[in-house]
Amino acid sequence: MFQKATRCPRMRRRLSLESYLKCRPRALALLLAAFPLLPAYSQVLSTSGTSGGLNIPYGSVLPDGDVVIGLNNDREAEFTNRHRGQNYQMGIGLLPYVEVSGRLANYPRNENRDLGTRDLSANIKFALPKLFRNQPDIALGRNDLGGGAPTFRSNYVVVSDEFGPLQVTIGRAHGASYLNGTFGGAALRLWDTGVSALVERADRSTTAGLRFESAALRRFGNVRASVSVQRAFGAHGPDGRSFDRSAVALQLAIPFGSNARAIRQVRPEDEPVWTPPPRMAALASQQPGAAQAAAAAATAGAATPVPQIVIDHAALQAHLAAAGLERVRIGLHGTELVVEFENHRYNRNEADAVGVALGLAARAAPAEVSRIAVTVKKAGLAVYQVSVPAAAFAEFLRGGEPYEVRPELAFAYRPAGADVRWLSSAESAHGWSRIRIDPSLVKFVGTELGVFDYSLAANTQLFVPLWRGAELTASVVSTVAESENVAHGFLGYAQQRNGVKAVMASQAIWLGDQVLNIVSGGRLQYGDLGLQNETTWFVPNRQDQVRLQVTRLQHKDYYGYRSIQHYGSLSYLYFYQPLDLTMELGYSRYVGGDRGPTFQMSRWFGDVQAQVYLRKSDIESRVGFSLAFPLTPRQGMMPGWTHLEGSSYFPFKVETKWARSGECNCITPGVVEELPMVYSARVNVLNQGRLGREYFMSQLPRMREAYFTYARPLEAVPQKN
């Protein structure tokens with residue numbers, strides 16, 4: 001039945017099962033018949049919050065960009081005198097080979113009036129790269145980082161390996177009793193059912209259970225669900241009595257970024273293939289200003305005459321306006337086709353609007369056009385420009401391969417339009433106002449008073465464009481809901497004040513080719529007069545940015561006494577585009593008057609940002625994790641008299657005081673707190689800082705998808721006869 005396998009070299013060391021099966025095809029056939037091999041194990045969280053089995057960690061980490069949230073009712077042996085309890089979990093593959101996770105253990109007091117336990121812990125795990133073939137998965141980790149109450153602190157090293165459908169894990173830990181000493185376990189996949197049988201040994205007890213993992217649910221963004229049931233045997237409580245316990249765990253694995261969905265692949269056979277408009281030198285006299293341009297070129301004695309380009313700019317302008325772009329203007333700069341526009345419809349990412357504009361311009365460009373440049377404006381002020389070769393971009397739209405576009409893509413801040421020959425002096429229409437609704441959330445997670453206390457309000461913002469680079473901003477806060485401890489309890493100081501929070505006019509101007517300045521003045525903080533200034537310096541030949549924020553307030557206190565207050569920060573933002581990674585280091589003067597350094601590391605997964613940060617002052621230090629989501633459609637409402645939009649960036653943060661063991665984790669209100677800019681350059685002008693040549697090179701597949709999804713590309717733009 002099988003051909004004789006190639007002779008395997010004789011080796012003194014013991015072969016791995018994989019190598020043995022390659023050398024023994026009959027054994028491989030028997031194993032495949034009994035247990036069909038499946039792809040690698042999907043990652044889920046153990047009860048401690050790290051990726052692994054039922055209770056123990058494994059030698060692998062969560063996939064890059066995957067977020068796992070879970071809930072279980074397991075309890076460690078030392079807490080078996082509690083009759084109930086819950087563990088809330090969240091983990092993310094923050095970087096390749098790096099996993100960050102958190103756990104909130106909530107073990108309420110029992111009928112004996114035991115004080116109970118509520119502990120918020122953070123974990124980190126590093127996986128070692130595989131340096132040779134058949135190397136097992138090896139990881140180093142630390143549970144319960146920092147904090148004054150290290151209830152679940154443990155350091156460990158763990159090794160996992162797969163032998164067909166069987167995965168074996170062994171590790172060594174030092175720390176809390178639940179993960180201390182030698183531990184190990186095995187998991188066996190039961191054919192292709194998605195069910196695994198697991199058995200583990202840790203904390204002088206044995207745990208056995210079953211786990212079901214679903215396939216990726218494509219209709220729900222490739223989310224995966226898992227359910228585990230387990231039973232522990234031989235555990236001993238604090239009183240020394242044997243205590244067996246059962247638990248159930250539910251989890252969802254949510255991929256973000258490019259692994260969340262497949263970019264729409266448009267093949268030539270699926271979409272009509274257009275041909276570029278023909279050369280129209282004979283019709284050059286019909287183009288406004290063409291005769292004057294030709295005469296000027298002849299008078300100057302140009303050695304290489306510029307070809308006459310004829311394009312139906314009115315039709316192109318109409319197509320761009322129909323796609324929802326504002327202040328559209330079409331021009332020519334030599335053989336370069338220039339498109340100016342302003343975007344408030346594609347609010348998740350400016351790359352969508354750039355893709356729509358480049359795609360429509362490529363459809364309209366005749367063969368004489370060598371490049372296409374799109375200029376992005378905000379409040380009528382030109383901010384940056386992206387340009388591509390026309391022929392290469394048209395071929396990219398047809399076939400989907402961006403290799404010829406990437407090296408020729410160019411990016412520039414403050415694009416000059418003085419030498420552009422505008423084909424129409426009038427811009428297309430623009431929206432007269434915008435209304436944005438942002439959630440405003442003050443929360444307390446895992447305190448002595450409750451698992452989750454909050455004050456949720458709606459921050460309704462009105463934006464009205466004034467003149468070039470200027471906008472009027474008004475902000476109104478309205479409470480939506482509050483927890484009992486905030487509404488009527490000890491946390492009442494966290495109630496949000498309702499009413500008009502700010503009314504300010506903002507002006508953006510360029511202070512050179514690389515420095516953008518936005519100054520805002522008016523009323524902020526519910527009645528204080530103030531000025532805010534934000535200066536951004538774009539480091540030449542890099543994506544990095546230096547940002548200076550300054551706020552000056554004339555504050556009036558409860559007794560009518562007026563004082564002048566100053567806040568601000570200076571920071572350097574470093575980009576590492578291959579991973580969509582940023583690191584920002586700065587120094588801040590906080591609202592409470594305290595001051596100190598700040599550091600944050602962020603990773604973008606599409607339009608979702610994961611961030612870990614550290615803020616330090618002369619009073620206390622805080623460490624936290626943030627996951628920011630867009631709360632607005634990818635394509636919003638058409639501009640008009642007004643339109644409604646959601647937040648493009650809503651961060652959900654969980655933070656704790658960085659304390660030594662034994663110190664109180666209590667957070668001091670009013671310190672280590674930054675005063676945000678009412679009109680933020682990053683939010684309203686700079687696409688959350690996601691700019692630069694390398695960034696738009698990485699977004700070419702998304703730009704192509706946006707063009708085919710949101711533009712009307714199926715008919716070629718008609719040309720004038």
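This is a predicted model: local features need pLDDT of at least 70, side-chain atom pairs count only at pLDDT 80 or more; totals for chains, interfaces and linings use all residues.
Residues are numbered from 1 along each chain as its sequence is written, and side-chain values use heavy atoms, with hydrogens and water left out. Local features need pLDDT of at least 70 and side-chain atom pairs pLDDT 80 or more, while totals for chains, interfaces and linings use all residues.

**View 1. Helix α5, residues 350-364.** Its 15 residues should span 21 Å at 1.5 Å a residue, and the end C-alpha atoms are 22 Å apart, which agrees. The expected span is 1.5 Å times one less than the number of residues. Here 15 of the 15 residues are buried (under 20% relative accessible area, 1.4 Å probe, protein chains only). At the start of α5, a side-chain oxygen of N349 comes within 2.9 Å of the backbone nitrogen of A351.

**View 2. The largest cavity, with about 270 Å³ of space.** Of its 23 lining residues, N347, E350, R436, S648 and V683 are the closest to the centre. A cavity is a set of points on a 1 Å grid over the protein atoms alone where a 1.4 Å probe fits but cannot get out, and lining residues have an atom within 4 Å of a point. At least two lining residues come from each of β19 (434-445), β31 (644-646) and α8 (681-684).

**View 3. The second largest cavity, with about 160 Å³ of space.** Sixteen residues line this cavity, and N55, D74, Y178, D203 and R245 lie nearest its centre. Strand β9 gives the most to the lining, with three residues.

Conventions
Helices (H or I, at least four residues) and strands (E, at least two) are DSSP runs, numbered from the N terminus. Buried means under 20% relative accessible area, exposed over 50%, partly exposed in between (1.4 Å probe, protein chains only). A polar contact is a pair of N or O atoms within 3.5 Å; within protein, one must be able to donate a hydrogen and the other to accept it, and residues adjacent in sequence count only if both atoms are side-chain atoms. On a 1 Å grid over the protein atoms alone, a cavity is a set of points where a 1.4 Å probe fits but cannot get out, and a pocket is an open set with protein on both sides within 12 Å along at least five of seven lines; lining residues have an atom within 4 Å of a point. Grid points are joined across faces, edges and corners, and a volume is the space filled by probe spheres set on the points.
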